[in-house]
Amino acid sequence: KKTHTNFSSINTHQGYLTFSQASIHFNNCVLLDQKPKMSFLFGGDKIKGTLVLMQKNVLDINSLTDPAKLIDGALDGFGSILDTLTSFLGASVCLQLISSTKPLLSGEGKVGKEAYLKEAINNLPTLGDKQTAFSIEFEYDSNFGIPGAFKIKNYMSTEFYLVSLTLDDIPNLGTIHFVCNSWVYNAKKYQTDRIFFANNTFVTSETPSPLVYYRQLELKTLRGNGTGERQEWDRIYDYDVYNDLGEPDKGQSYARPILGRSSDHPYPRRGRTGRKPTATDPNSESRGNSVYIPRDEAFGHLKSSDFLVYGLKSVSQDVIPLLQSAFDINFTPTEFDSFDDVFDLYEGGIKLPTDIISQISPLPVLSEIFRTDGEEFLKFPPPKVIQVSKSAWMTDEEFGREIVAGVNPGLIRALQDFPPKSKLDSAIYGDHTSTITKEQIEPNLEGFITLDEAIQNKKLFLLEHHDTIIPYLRLINSTSTKAYASRTILFLKNDGTLKPLAIELSLPHPQGDQFGVVSNVYLPAIEGVEATIWLLAKAYVIVNDSCFHQLVSHWLNTHAVVEPFVIATNRQLSVLHPIYKLLHPHYRDTMNINALARQSLVNADGIIEKTFLWG
């Protein structure tokens with residue numbers, strides 16, 4: 001009914017009245033309606049917040065794959081003692097809010113006063129594993145508007161993983177949440193301040209004008225300038241070709257083609273590292289113990305443990321040379337002597353002389369794998385199929401199951417034309433039409449009179465590893481490795497399982513490629529020599545299937561295809577963009593896996609060349 005006020009300023013924002021430095025007295029007031037709201041913000045008010053972070057993980061995957069960092073890791077342990085929870089307090093970590101509604105004269109949002117972490121919060125129920133929460137207070141007044149982003153500076157010696165920031169009791173708004181999930185290094189490592197945006201979504205045209213400058217600045221930082229060698233704290237996403245698979249300085253046998261930007265190999269692309277060219281070939285990039293990727297692309301804490309425990313057992317490039325001589329003690333070179341030797345991988349492990357194990361650096365995380373007593377070294381988890389029965393893998397039922405539920409279920413297709421034909425250039429490779437006949441197929445069609453009837457009812461399927469292998473088969477078989485091109489015809493039974501009906505194995509014609517191939521067809525058998533030959537034919541198909549999966553289906557058609565999209569998304573779409581938020585979870589670990597693969601799997605003399613059938 002009656003008010004007495006002294007205002008230094010009155011502003012309106014989003015329909016609300018805000019009174020700065022006001023002295024207000026109400027007499028005989030009656031609350032008539034709860035819908036209208038009035039906000040009173042007084043100079044010097046505080047906004048309370050909670051910041052969640054994780055200290056540097058001593059099991060960081062980048063340290064474990066870089067021998068130089070193993071030494072640094074010991075020193076870093078001393079640094080981690082210094083950077084305890086208390087070291088985050090004081091002036092170690094600085095934050096400044098950025099307004100999304102109040103611009104400066106230059107257009108960018110106002111930047112608030114510096115604020116520092118106050119104290120650790122030990123009883124926050126929402127904290128995840130190894131996460132720590134800190135309280136923080138920001139000075140705030142009505143002229144600042146609504147926070148839409150913040151700057152952060154790390155003045156400590158080591159980096160930390162910033163999880164989130166939550167601001168509570170924002171007048172007229174409530175809570176503002178910032179999802180960060182990013183490594184923050186010492187502020188001197190960055191040319192521009194680290195900026196994080198509130199968990200809102202805006203396409204470019206709808207971005208609040210005070211945030212446009214910061215949105216553009218962040219994208220400019222992520223694009224870089226295309227020069228210089230990248231460092232681990234860089235956050236730059238840029239393109240390069242696959243010119244780091246070979247090591248021509250070690251000799252011609254270690255040189256590999258450059259994949260990308262050529263008529264023969266137009267694709268793929270990878271993240272640029274900026275390493276120096278090799279001395280022998282200026283177009284090839286030199287290799288080192290680690291490969292740059294933006295730190296936020298590194299493995300998450302959960303997935304890294306799986307990769308270490310199961311991956312390093314079989315793909316550790318540093319271990320393999322030390323084991324080769326020891327393997328030859330127990331096995332014929334490059335071969336197993338018996339199935340018992342294979343089962344030992346899962347039951348007893350491979351027993352090695354102590355002098356071999358002593359040469360392997362016993363990382364703590366690998367203590368179970370790299371034992372020092374010479375017992376059960378490299379013991380693998382047994383596959384489900386041999387947990388039930390050691391002979392189950394030999395059956396036609398298991399063979400059919402693996403075609404659709406094994407390592408490579410994407411290649412099988414319905415048989416539409418018979419006999420299967422090749423798409424290879426006949427002028428170069430001759431006639432590659434399949435030699436499988438109707439007479440070999442029709443006796444096992446289970447109720448269907450003719451092959452054509454089975455095709456029309458979509459009961460016949462083809463698994464083909466012929467055209468993809470033939471161009472390389474003569475070269476493959478010139479080494480100690482032996483392989484066949486294969487075609488497999490399978491029948492879909494009424495119970496929904498697949499039954500193999502015929503396998504065709506082919507070799508290049510001895511008189512030359514233009515004469516086609518020499519092919520043999522093998523049919524199911526359950527006893528005698530024929531059963532053993534049938535089992536061997538299935539083994540060649542399965543090996544082709546797994547090798548093709550790793551090299552083509554899994555690598556070229558997935559990982560190598562996706563990495564350019566990861567790079568493009570980070571270069572072109574702000575974290576505020578809805579499409580970025582949609583795509584980002586699907587990119588997790590892709591660049592890191594690809595970098596590790598180029599380092600140890602698909603490189604010259606790497607794991608795949610050493611262990612896969614095709615060499």
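**Figure 1. Helix H16 is largely enclosed by the rest of the structure, because 10 of its 12 residues (590–601) are buried.** The model is predicted; local features require pLDDT of at least 70 and side-chain atom pairs pLDDT 80 or more, whereas totals for chains, interfaces and linings use all residues. Residues are numbered from 1 along each chain as its sequence is written, and side-chain values use heavy atoms, with hydrogens and water left out. Buried denotes under 20% relative accessible area, calculated with a 1.4 Å probe on protein chains only. Helices (H or I, at least four residues) and strands (E, at least two) are DSSP runs numbered from the N terminus. The buried set in H16 comprises Thr590, Met591, Asn592, Asn594, Ala595, Leu596, Ala597, Arg598, Gln599 and Ser600.

**Figure 2. Strand S17 (residues 460–465) has 6 of its 6 residues buried.** On one side lie Leu460, Leu462 and Glu464, and on the other Phe461, Leu463 and His465; both faces are covered. Two strands are taken to pair if DSSP finds at least two bridges between them. S17 runs antiparallel to strand S16 (residues 413–414), to which 2 bridges join it, and Arg413 has Leu462 as its bridge partner. With strand S18 (residues 485–492), S17 forms an antiparallel pairing over 6 bridges. In S18, Ile489 stands opposite Leu462.

**Figure 3. The largest nonpolar core contains 29 residues, with Phe150 and Ile152 making the most contacts inside it.** This core is supplied with at least two residues by each of S5 (45–55), S6 (93–103), S8 (115–121), S9, S10 (147–154), S11 (160–170) and S12 (174–184). The greatest contribution, 5 residues, comes from S11. A nonpolar core is a set of buried Ala, Val, Leu, Ile, Met, Phe, Trp, Tyr and Cys residues joined through side-chain atoms within 4.5 Å. Beyond its neighbours within four places in sequence, Ile152 contacts (heavy atoms within 4.5 Å) Leu51, Val93, Cys94, Leu95, Phe160, Leu162, Val184, Arg194 and Phe196. A second, separate core of 15 residues has Ile441, Leu445, Ala454 and Leu460 among its members.

**Figure 4. The second largest cavity has a volume of about 40 Å³.** A cavity is a set of points, on a 1 Å grid over the protein atoms alone, where a 1.4 Å probe fits but cannot get out; lining residues have an atom within 4 Å of a point. The volume is the space filled by probe spheres set on the points, which are joined across faces, edges and corners. The lining consists of Leu97, Gly112, Lys113, Phe138, Glu139, Tyr140 and Phe144. Strand S9 (residues 132–140) gives the most to this lining, with 3 residues.

How values were computed. 1 Å grid on protein atoms, 1.4 Å probe; cavity = no way out; pocket = protein on both sides within 12 Å on 5 of 7 lines; lining within 4 Å. Buried < 20%, exposed > 50% of the residue type's maximum accessible area, 1.4 Å probe, protein only.
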